[in-house]
There are 2 protein chains.
Amino acid sequence: MSTHPDRVSPLYLQIAHKLEQRIRDDIYPVGTLLPTEAELVTAFQVSRHTIRQAIEQLKRNGTLSARKGIGTKVESRGTDWRTQFRGQSRHDLFDFSRDSELHFQTKSEVTARSEIAAEMGIQPGRKFTYAAGLRYFKGEDIPFCWNEVYLDESVAEVLQGVDVLRKALFHMVESYTGERIASIHQELTPVHIDEHIAQKLDLPAGTLALRMTRRYLSSRGRLLEYAIQTLPGDRFRYRTILSAGEPKT
Amino acid sequence: MSTHPDRVSPLYLQIAHKLEQRIRDDIYPVGTLLPTEAELVTAFQVSRHTIRQAIEQLKRNGTLSARKGIGTKVESRGTDWRTQFRGQSRHDLFDFSRDSELHFQTKSEVTARSEIAAEMGIQPGRKFTYAAGLRYFKGEDIPFCWNEVYLDESVAEVLQGVDVLRKALFHMVESYTGERIASIHQELTPVHIDEHIAQKLDLPAGTLALRMTRRYLSSRGRLLEYAIQTLPGDRFRYRTILSAGEPKT
DNA sequence: CGAAATTTGTCCGTATGTATG
DNA sequence: ACATACATACGGACAAATTTC
């Protein structure tokens, strides 16, 4: 019926988000059991397959866990990006970009000088497009992160005319070049927010933060994108889940 | 050793393993496309759903990636997280168990009270063995990290009589129980080092640091070990590679 | 102790949507 | 315009683990 061809996210993701929300709202408190799959099927009026896909998502990031004969348990409300950033695979970066928006404030052409070149791990002198701005969660007014990006001149075009970014930038780079980003090198360090950024984020200077840098490399090892995020530490945790190959049985 | 020989693993896992093997054997070399799902269906004589479950597994750990209209690409030779503990740089946190030693200073029996229980994600009242000490790189005199460990009483024996730890504790737990640690939940936050720890590390109080917590869970979801590391931020960075291609330093 | 009910896990079949070439 | 290939979504059936009676 309502054939709305609007580019909506898949059903199972919509349901995953609704479940997350209900967990955050303590409708499904941590430590309790989720309604059974059958109940969710009738509640959401979708197939069991779709429900299981949604639950699968949330199991993967540690929000839920399930056991045969028992049910599905709420393990944490950790999927709120405001309090926990999960990172383990490219996919998590997609999720992150989809749930937030990056509003650029400045853009310029720069040449990497020695210090920043060393930080980026490249030879000095290469040209980049630099862009920086605030990242907001969709539907919120308060920025949660200061975001800087260096984009290699060979792919700088993808940012032309873009004021608000709603997708993962590296995915746009992939589409543009037709080549896949082969690896992403990520670093985390604790920092004090400097005055300039503190002002943007409306925080006192010197606040604790995580500084996350990512180097996006092509399959030939060329640095195509370098991104820096400054994440206030009182509101953020970086979280990963390392899981062994063989699940329970 | 072979305790449960007659337990059959699910079809999709068997297929996932076969695919992994073929990738390791260069039958499906890195960088090439896997046979299409339809071809795999006829090759393995299972439903497409099962093939997709197998591929799903391998996409999750970065072995495969897929794009609509194109195909499924072999990204790397499958590695579970155990192998990521090896072959990293000296400053990578995953190196700890191999390159460093943990010298315990205190050990005691504790009962998890509400605050710490909430932090650990368990019910209050459970008993643990608490141990804490300094971690040194092998051959160095200066400690680089304050390390605290909570060990569930069911496995507390592994620490008895141990003053210096040279192996990964969770490996010892696995050997002791014969059960594999199924997942590790890791969190990173920026902190100021408190006076007590600063003294141990010979640093001024208030120094920037990374606080890393790890929750080691059995396949049943039971918390067996909880570890906290406080890492001075001026000397350390947390590095990871997402969706790793070959890490050719 | 055993049988039944409950709940998640696995597996199959089918159809349609969407991005790519 | 068309074929290809993965993504999403529906349906049903039985297996395996657990709790309940």
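Among contacts in chain A between residues at least 6 apart in sequence, 58% join residues at least 24 apart. Keep in mind as you look around that this is a predicted model. Chain A has 249 residues, and 33% of them count as buried. Its secondary structure comes to seven helices and eleven strands.

**How chain A is laid out**

- Chain A is divided into two parts: domain 1 covers residues 11–74, and domain 2 covers 81–232.
- Between the C-alpha centres of domain 1 and domain 2 of chain A there are 32 Å.

**Around DNA strand D**

- There are 19 residues around DNA strand D, and those that come nearest are A:Leu11, A:Thr50, A:Lys68, A:Gly69 and B:Thr36.
- By type, the residues of the surface near DNA strand D divide into seven nonpolar, eight polar and four charged.

**Around DNA strand C**

- Turning to DNA strand C, you will find 22 residues around it, with A:Thr36, B:Leu11, B:Ser47, B:Thr50 and B:Gly69 coming nearest.
- Two or more residues of this surface come from each of helix H2 (37–44) and strand E2 (71–74) of chain A, and from each of helix H1 (11–24) and helix H3 (48–60) of chain B.
- The most is given by H3(B), which contributes three residues to the surface near DNA strand C.
- The surface near DNA strand C is made up of eight nonpolar, nine polar and five charged residues.

**Paired strands in chain A**

- Strand E4 (residues 100–111) and strand E5 (residues 127–137) of chain A run antiparallel and are joined by eleven bridges.
- To find your place in this pair, look for A:Thr106, which stands opposite A:Ala132 in E5(A).
- E5(A) is also joined to strand E6 (residues 143–152) of chain A, again antiparallel, by nine bridges.
- In that pairing, A:Arg135 stands opposite A:Cys145 in E6(A).
- The hairpin of E5(A) and E6(A) has five residues between the strands, and A:Gly139 in this hairpin takes a positive phi near 85 degrees.

**Nonpolar cores**

- The largest nonpolar core has 25 residues, and the ones with the most contacts inside it are A:Leu188, A:Leu210, A:Leu231, B:Leu188, B:Leu210 and B:Leu231.
- Elements that give two or more residues to this core are E6 and strand E9 (208–217) of chain A, along with strand E5 (143–152), helix H8 (195–201) and strand E8 (208–218) of chain B.
- Another core lies apart from it, with 20 residues, among them A:Ala112, A:Leu151, A:Val155 and A:Ile184.
- Leaving out residues up to four places away in sequence, A:Leu210 touches A:Leu188, A:Pro190, A:Leu231, A:Gly233, A:Phe236, A:Tyr238 and B:Pro190.

**Two loop residues to look at**

- A:Gln45 is found in the loop between H2 and H3 of chain A, and its phi is near 60 degrees, a positive value in a residue other than glycine.
- A:Gln45 counts as exposed because it has 8 other C-beta atoms within 10 Å, where 12 or fewer is the cut-off.
- In chain B, B:Asp202 lies in the loop between H8 and E8, and B:Asp202 has a positive phi of about 60 degrees although it is not a glycine.
- B:Asp202 has 8 C-beta neighbours inside 10 Å, so B:Asp202 counts as exposed.

Notes. Residues are numbered from 1 along each chain as its sequence is written. Chains are lettered from A and ligands numbered from 1 in the order in which they are written. This is a predicted model: local features need pLDDT of at least 70, side-chain atom pairs count only at pLDDT 80 or more; totals for chains, interfaces and linings use all residues. A residue is near a molecule or strand if its C-beta atom, placed from the backbone, lies within 6 Å of it. Ala, Val, Leu, Ile, Met, Phe, Trp, Tyr, Cys and Pro count as nonpolar, Asp, Glu, Lys and Arg as charged, and the others, Gly among them, as polar. Domain bounds come from an automatic or database domain assignment. Helices (H or I, at least four residues) and strands (E, at least two) are DSSP runs, numbered from the N terminus. Two strands pair if DSSP finds at least two bridges between them. A nonpolar core is a set of buried Ala, Val, Leu, Ile, Met, Phe, Trp, Tyr and Cys residues joined through C-beta atoms within 7 Å. Two residues are in contact if their C-beta atoms, placed from the backbone, lie within 7 Å.
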